[in-house]
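Please prepare a briefing on the fold of this chain, with attention to its sheet, its helix packing and its nonpolar cores.

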Amino acid sequence: MMNKYKLYLFDFDGTLFNTEKALIFIFKEAFGSVGIEVKPEDSIRISRQPLPVTYKELHGDETRIPEFIKKIDELVNSKRSVEYTECFDDTMEFMSSIRNSGVQAGIVTSNNIVHVKDVLEYFSIPTDTFNVYVGNKETDKVKPDPGPIQLAIEFAGYEGELKDVVYVGDALNDVKAAKNAGITAILLDRRNEYPDGDYIKISSLNEIDL
């Protein structure tokens, strides 16, 4: 039986919602606007690392970075991006479980919180399901840096032991960020992509004991 925690923090893309179609749309249009072609099958990999890293890997023109970031924000906050987002099979049931359990929960994501809340509202999930939100506008730190998680803990007003805080994500950067912050890491591995490691591995949100 999995431990219960006092503060539950979650990644967004690929963890709570299936954003693969939205990411394909966003990356194709945004990178294309600065003359870079990206393949649809690369969208998940790109989403799991900081965009500046990907931009450099793809030899993007550094003078066009502000233009690129502006385009990313525009596309992420677009109606089409929200409509391309899908629920996983376990998403809605788990959202209900969070609300019914009354646990303290938050979202820590590299996405922006305006978009996150738009998605929640699109699926009729009350935004107060989560007590705290940290995205790319709240901090310039990116995972695996512990900064975003540490900021969420601060925003939550949590003063307990770090072992009683957990971060759930679908990528190894999420695990590294959790460990760097000194909290428990849960890797949500829906596609059975990763070997067992020094983290808790699950295949469904419903395996989490709230």
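Predicted model: local features only at pLDDT ≥ 70, side-chain atom pairs only at ≥ 80, totals over all residues.

Residues are numbered from 1 along each chain as its sequence is written, and side-chain values use heavy atoms, with hydrogens and water left out.

**The sheet**
- An open sheet is formed by 6 strands in the order β5-β4-β1-β6-β7-β8, with parallel pairing; strands are DSSP E runs of at least two residues and helices H or I runs of at least four, numbered from the N terminus, and two strands pair if DSSP finds at least two bridges between them.
- Because β5 (132-134) and β8 (200-202) stand at the edges with a single partner strand each, one side of each is left without a neighbour in the sheet.
- The twist from one strand to the next averages 20 degrees, where axes are lines fitted to C-alpha atoms, for helices over the stretch in contact, and angles between N-to-C directions run from 0 to 180 degrees.

**Strand β7 and its partners**
- β6 and β7 run parallel and are joined by 4 bridges; Val166 has Thr184 in β7 as its bridge partner, and Tyr167 stands opposite Ala185 in β7.
- On its other pairing, β7 joins β8 in the parallel sense over 3 bridges, with Leu187 opposite Lys201 in β8.
- Both faces of β7 are covered, since Thr184, Ile186 and Leu188 on one side and Ala185 and Leu187 on the other are all buried, that is, under 20% relative accessible area with a 1.4 Å probe, protein chains only.

- α7 lies across β4 and β5, at about 130 degrees to β5, contact meaning heavy atoms within 4.5 Å.
- Helix α9 (residues 172-180) packs on the sheet, where α9 touches β6 and β7 and its direction makes about 170 degrees with that of β7.
- The buried residues of α9 are Asn173, Asp174, Val175, Ala177 and Ala178, and they pack against α8 (147-155), β6 and β7.

**Nonpolar cores**
- The largest nonpolar core has 29 residues, and those with the most contacts inside it include Tyr8, Phe10 and Leu16; such a core is a set of buried Ala, Val, Leu, Ile, Met, Phe, Trp, Tyr and Cys residues joined through side-chain atoms within 4.5 Å.
- Among the elements giving two or more residues to this core are β1 (7-10) and α6 (91-101), while α7 gives the most, with 4 residues.
- Apart from this core lies another, of 23 residues, among them Leu7, Ala152, Val175 and Ala181.

Technical notes. Buried < 20%, exposed > 50% of the residue type's maximum accessible area, 1.4 Å probe, protein only.
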